[in-house]
Number of protein chains: 2
Amino acid sequence: MKSTMMQVPLSLNHFLERAKLYHPKVEIVSRMPDKSLHRHTYADFHRRAKGLAEALVKAGIQPGDRVATLMWNHYAHLECYFGIPAAGAVMHNLNLRLFPHDIAFIVNHAKDRFLIVDDVLLPLLAQFAKDVNFERIIVVPLTGKPVPRGYEDYEGFIGGATDDFKCVEVDENAPCGMCYTSGTTGSPKGVVYSHRSTVLHTLVAALPGGINVSGTDTVLPVVPMFHANAWGLPFVSTFVGAKQVFPGPHLDSESLLDLYQRERVTVTGGVPTIWLSLLQTLRANPGKYDLVPGMRMMVGGSAAPESLFRGFDEFGLEVGTAWGMTETSPLGTVSSLKPSMRALPKEEQYAFRIKQGMAAPLVEIRLVGDNGEVPWDGRSVGEIQVRGPWITGSYHDLPINESSFTADGWLRTGDVGCIDSEGFLQLTDRTKDLIKSGGEWISSVDLENAVMGHPAVLEASVIAVPHPRWAERPLAVVVLRPGMSATGEEIRDHLAKTFAKWQLPEGFAFVNEIPRTSTGKFLKTKLREMYKDWKWE
Amino acid sequence: MKSTMMQVPLSLNHFLERAKLYHPKVEIVSRMPDKSLHRHTYADFHRRAKGLAEALVKAGIQPGDRVATLMWNHYAHLECYFGIPAAGAVMHNLNLRLFPHDIAFIVNHAKDRFLIVDDVLLPLLAQFAKDVNFERIIVVPLTGKPVPRGYEDYEGFIGGATDDFKCVEVDENAPCGMCYTSGTTGSPKGVVYSHRSTVLHTLVAALPGGINVSGTDTVLPVVPMFHANAWGLPFVSTFVGAKQVFPGPHLDSESLLDLYQRERVTVTGGVPTIWLSLLQTLRANPGKYDLVPGMRMMVGGSAAPESLFRGFDEFGLEVGTAWGMTETSPLGTVSSLKPSMRALPKEEQYAFRIKQGMAAPLVEIRLVGDNGEVPWDGRSVGEIQVRGPWITGSYHDLPINESSFTADGWLRTGDVGCIDSEGFLQLTDRTKDLIKSGGEWISSVDLENAVMGHPAVLEASVIAVPHPRWAERPLAVVVLRPGMSATGEEIRDHLAKTFAKWQLPEGFAFVNEIPRTSTGKFLKTKLREMYKDWKWE
């Protein structure tokens with residue numbers, strides 16, 4: 001027998017049309033380069049995104065063709081998120097924090113036909129323009145100045161829209177977007193999302209046990225729209241009709257706090273380093289900011305220190321964690337405390353809150369060690385492997401490699417963690433971030449979270465540095481809070497309460513800044529290079 | 001170019017395994033026929049549902065075969081919800097409130113191979129057993145008494161489970177369940193759900209803007225599991241790991257209120273008549289019941305009167321509406337107030353709260369009148385037509401009929417309503433429930449909701465009765481609250497505040513009870529028959 005259900009493909013176009021039908025007056029607010037606020041509505045968004053789609057089709061873009069974006073987070077980027085797929089094409093967002101030669105490699109590898117670029121990013125484009133060959137370059141005039149000669153004006157490009165353009169419908173497994181990994185090793189690799197994968201990811205991300213977003217929320221993604229689809233927040237927000245607020249190029253704490261307060265933001269997302277800086281600004285300006293009580297701050301990208309959760313708790317703001325990567329769309333796990341955990345005293349809840357949570361619904365997870373799958377006992381560590389409808393099963397135009405995929409078809413993430421008996425994942429270290437000291441493994445992540453728990457420490461990263469006797473020993477690279485001081489000895493005493501002596505950092509390097517990856521993570525490869533000749537005392 | 005995403009089919013089996021992995025200790029509580037409470041956990045549920053699947057496969061059930069259930073809402077029915085699909089088979093729940101000859105027709109039409117039946121329902125089975133031919137009949141010993149000779153014991157049947165049975169994986173479009181419509185006209189028609197349709201329906205039903213269910217909820221479906229999948233609540237609850245509470249055969253207000261209080265229920269669902277009766281019991285016993293503040297009571301099946309929303313508001317309980325039918329899995333629309341509506345004074349919110357809300361995400365809706373699609377202006381009335389991945393596109397083993405489906409593939413629901421400029425649907429009448437008086441249409445639903453707003457009225461139904469001069473005139477069939485009185489004249493005066501004179505009921509019939517369909521809706525066909533010879537004054 002057969003099911004009698006209709007065969008209706010999952011499509012981003014449904015989200016686009018739904019936004020117009022049900023939420024035409026809801027606002028989309030964007031911070032412009034001059035710091036002014038640009039406001040329009042879902043009705044505007046719908047008209048303009050469809051105008052973009054129509055213009056792309058008229059310009060000869062065919063289903064599956066790539067249209068690249070080089071943009072900050074703002075209304076026009078959101079139009080690209082939906083307008084490019086509505087043309088049947090593939091939105092390929094370029095990470096503007098990569099080295100120009102890497103961007104050129106990615107553009108050429110993806111065979112991007114058109115580029116849509118912010119006018120304020122034309123100087124970046126100039127750095128790799130000679131190495132790529134876009135057929136057309138369309139410039140978003142964010143500054144309001146005329147678009148330089150030789151480029152097309154985005155407003156003119158989308159301006160000729162008719163009212164009767166129908167979105168191009170493609171198979172639900174057809175591609176709608178792509179993103180390259182910003183891996184610290186090897187060439188960037190392309191992940192290609194489908195309408196199906198994006199729709200399913202959106203449904204799950206919006207769930208109460210997920211990021212929990214509805215039409216009553218106001219969402220501000222700090223995480224860039226050129227990085228893992230800003231964790232899917234633009235798709236989720238548009239889908240449920242939430243008000244959207246975009247920070248443009250202004251990601252400093254003061255600008256963000258101003259937007260949170262002014263626009264009554266209820267949901268936001270970013271990496272730990274952004275939140276550490278924000279927390280510092282809140283502490284330095286007591287009573288200055290009036291934020292929505294209980295604003296949910298999603299943290300991802302890397303494990304966040306417990307001090308971050310405690311810090312924001314003081315301000316009535318709720319940090320929640322998730323784990324994922326470009327290859328996982330990106331929601332792999334998300335933390336939502338179970339009723340049994342919520343019943344615990346607040347102090348005991350932190351042990352669960354800092355973990356990355358359960359596999360997102362429809363995703364399967366397992367940990368694999370040297371001897372196969374490891375048990376969910378909260379101690380056994382293994383590589384995180386995942387499988388699911390929005391997990392990549394290959395890389396664009398590359399052969400399937402056993403270092404990335406298992407024989408039975410799971411993604412090898414390269415991230416390492418343990419899972420407790422409740423099913424909560426806790427990230428420990430990427431394999432290469434573990435420190436092997438005298439034959440024993442030391443977790444750099446545990447150490448750096450503990451170092452950041454010291455009141456005088458603003459940020460810290462712990463790396464393995466070669467040691468003549470122990471092979472490797474941990475070195476803590478520390479940024480102190482402005483106006484505060486601490487010695488390595490004091491920090492070591494602080495750590496000695498929770499770590500065995502042999503696990504303690506062997507040395508401390510005090511610096512003003514820790515180098516970061518393009519997505520704000522500590523750049524441990526760089527640190528290891530900088531300190532490889534560290535003189536142990 | 002192709003998407004690089006994994007091809008992972010949507011499957012109910014994922015929900016089943018997830019329940020065990022992440023929520024093994026969460027409870028499933030069932031009211032037994034003797035009113036005692038049966039308690040077990042998701043770990044028990046997982047073991048037993050897989051035991052059922054294994055036993056079915058061993059017994060020769062093949063993918064796509066139908067296994068019927070004739071059961072109340074309880075733990076074993078939940079096991080069937082997942083165990084039958086885990087065998088690759090199709091769970092076909094039989095509506096125990098139908099006439100026995102209709103049940104026999106349905107069993108034969110669906111070609112059900114096995115039956116799983118509550119022991120307390122064996123007398124019902126006896127009424128149609130001679131007209132059907134199940135290969136095996138498996139009896140759930142709810143009373144604890146030995147299963148009568150000639151039947152198999154469910155506990156024995158599932159008891160031989162090994163620990164290594166793997167759920168049967170089928171294509172995501174393969175059938176997992178079926179349900180026959182309980183239409184008041186014509187033969188019942190079969191709707192066959194797929195894994196894909198059920199998974200997608202579940203994701204959307206759980207959304208914050210949907211029924212809003214997470215692992216922190218406790219869910220009690222009053223709506224029967226043999227009727228439109230209990231609105232999908234058992235799937236949603238299992239999926240998110242919510243505690244589940246089942247009322248068994250005890251649907252009287254006292255039993256329900258006792259369960260709500262005792263098990264701290266946060267989400268429940270049922271038809272208006274159930275809630276009207278519950279409200280009466282709450283009012284008759286002030287202070288007796290201590291329910292979870294803000295318990296969400298989903299109402300569906302037919303439009304609910306405003307007095308119901310106001311009534312439960314007095315007790316701090318939140319009524320929410322949805323609309324759907326067996327053909328729509330059943331979520332077609334769901335009401336979730338927009339921020340702009342929440343900002344209105346409470347009194348003004350009722351105008352939106354009583355409506356059936358926006359189309360569920362992934363569902364498209366339109367209203368079609370005699371001259372094509374009607375505008376969303378809050379006044380224009382048309383037949384509700386829908387399209388989406390969990391909407392039926394045909395009926396099992398029947399040719400596609402233009403009275404049920406449009407040429408462009410939408411479902412004609414037979415329900416009638418209008419949609420306002422916010423996109424909120426409001427049910428008016430089924431075409432045949434409209435009253436044509438002197439060439440003008442009168443809405444029986446509007447009238448009966450207003451009649452139920454009179455303080456002395458418990459329930460009311462308004463029907464069209466032939467009239468010598470006006471063709472038809474409205475007759476109100478009224479049940480008064482115990483100990484209260486009202487005359488037709490008084491009720492008419494009450495209505496005259498909001499209705500034109502020609503719209504007012506022409507007559508009033510006071511009765512002790514209004515006949516109902518098997519699913520608790522007022523049986524208007526019966527009423528029209530009963531009062532067709534009404535003598536107008």
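Is A:Tyr531 buried or exposed? A:Tyr531 is buried, because its relative accessible area is 11% and the cut-off for buried is under 20%. The model behind this value is predicted.

**Two copies**

Start with the whole assembly.

**The open sheet of chain A**

Chain A holds an open sheet of nine strands. Their order is β2-β1-β11-β10-β12-β13-β14-β15-β16, and the pairing is mixed. At the edges are β2 (37-41) and β16 (358-359) of chain A, each pairing on one side only. Strand β1 (residues 27-31) of chain A is antiparallel to β2(A), with five bridges between them. Here A:Val29 is opposite A:Arg39 of β2(A).

Strands of a sheet pair through backbone hydrogen bonds, either parallel or antiparallel.

**Strand β14 of chain B**

Now turn to chain B. Strand β14 (residues 318-323) has five of its six residues buried, so it is largely enclosed by the rest of the structure. β14(B) runs parallel to strand β13 (residues 296-299) of chain B, and four bridges join the two. In this pairing B:Met297 stands opposite B:Val319 of β14(B). Between β13(B) and β14(B) the chain passes through helix α11 (residues 306-313) of chain B, making a right-handed β-α-β crossover. β14(B) also pairs with strand β15 (residues 333-334) of chain B, antiparallel and through two bridges. B:Trp323 has B:Thr333 in β15(B) as its bridge partner.

**Nonpolar cores**

In soluble globular proteins, nonpolar side chains tend to be buried together. The largest nonpolar core here has 200 residues. Inside this core, A:Ile116 and B:Ile116 have the most contacts. Beyond its neighbours within four places in sequence, B:Ile116 is in contact with residues including B:Leu52, B:Val67, B:Met71, B:Ile138 and B:Tyr154. A second, separate core has 90 residues, among them B:Leu256, B:Leu278, B:Phe309 and B:Ala460.

**A buried histidine**

B:His467 belongs to strand β24 (residues 457-467) of chain B. Its relative accessibility is 13%, so B:His467 counts as buried. Setting aside neighbours within four places in sequence, B:His467 contacts B:Glu472, B:Arg473, B:Glu506 and B:Trp536.

**Aromatic pairs**

Over all chains, the whole structure contains 22 aromatic pairs. A pair of aromatic rings is described by the distance of the centres and the angle of the planes. Two of the pairs are set out below.

| Pair | Centres apart | Angle of planes | Kind |
|---|---|---|---|
| A:Tyr22 and B:Trp376 | 5.8 Å | 40° | tilted |
| A:Tyr531 and A:Trp534 | 5.9 Å | 65° | edge-to-face |

A:Tyr22 sits in helix α1 (residues 12-22) of chain A, and B:Trp376 in the loop between β18 (372-373) and β19 (382-387) of chain B, so this pair joins two chains. A:Tyr22 is buried, at 2% relative accessibility. In the other pair, A:Tyr531 is buried, whereas A:Trp534 is partly exposed with a relative accessible area of 26%.

Aromatic residues also group together. A:Tyr42, A:Phe45, A:Tyr81, A:Phe82 and A:Phe235 form one aromatic cluster.

How values were computed: Residues numbered from 1 in each chain as written. Chains lettered and ligands numbered in written order. Predicted model: local features only at pLDDT ≥ 70, side-chain atom pairs only at ≥ 80, totals over all residues. Heavy atoms only, no water. Pairing = 2+ DSSP bridges. Buried < 20%, exposed > 50% of the residue type's maximum accessible area, 1.4 Å probe, protein only. Contact = heavy atoms within 4.5 Å. Core = buried A, V, L, I, M, F, W, Y, C linked by side-chain atoms within 4.5 Å. Right-handed = clockwise from strand over helix to strand, strands pointing away. Phe/Tyr/Trp six-rings, centres within 6.5 Å; stacked < 30°, edge-to-face > 60°.
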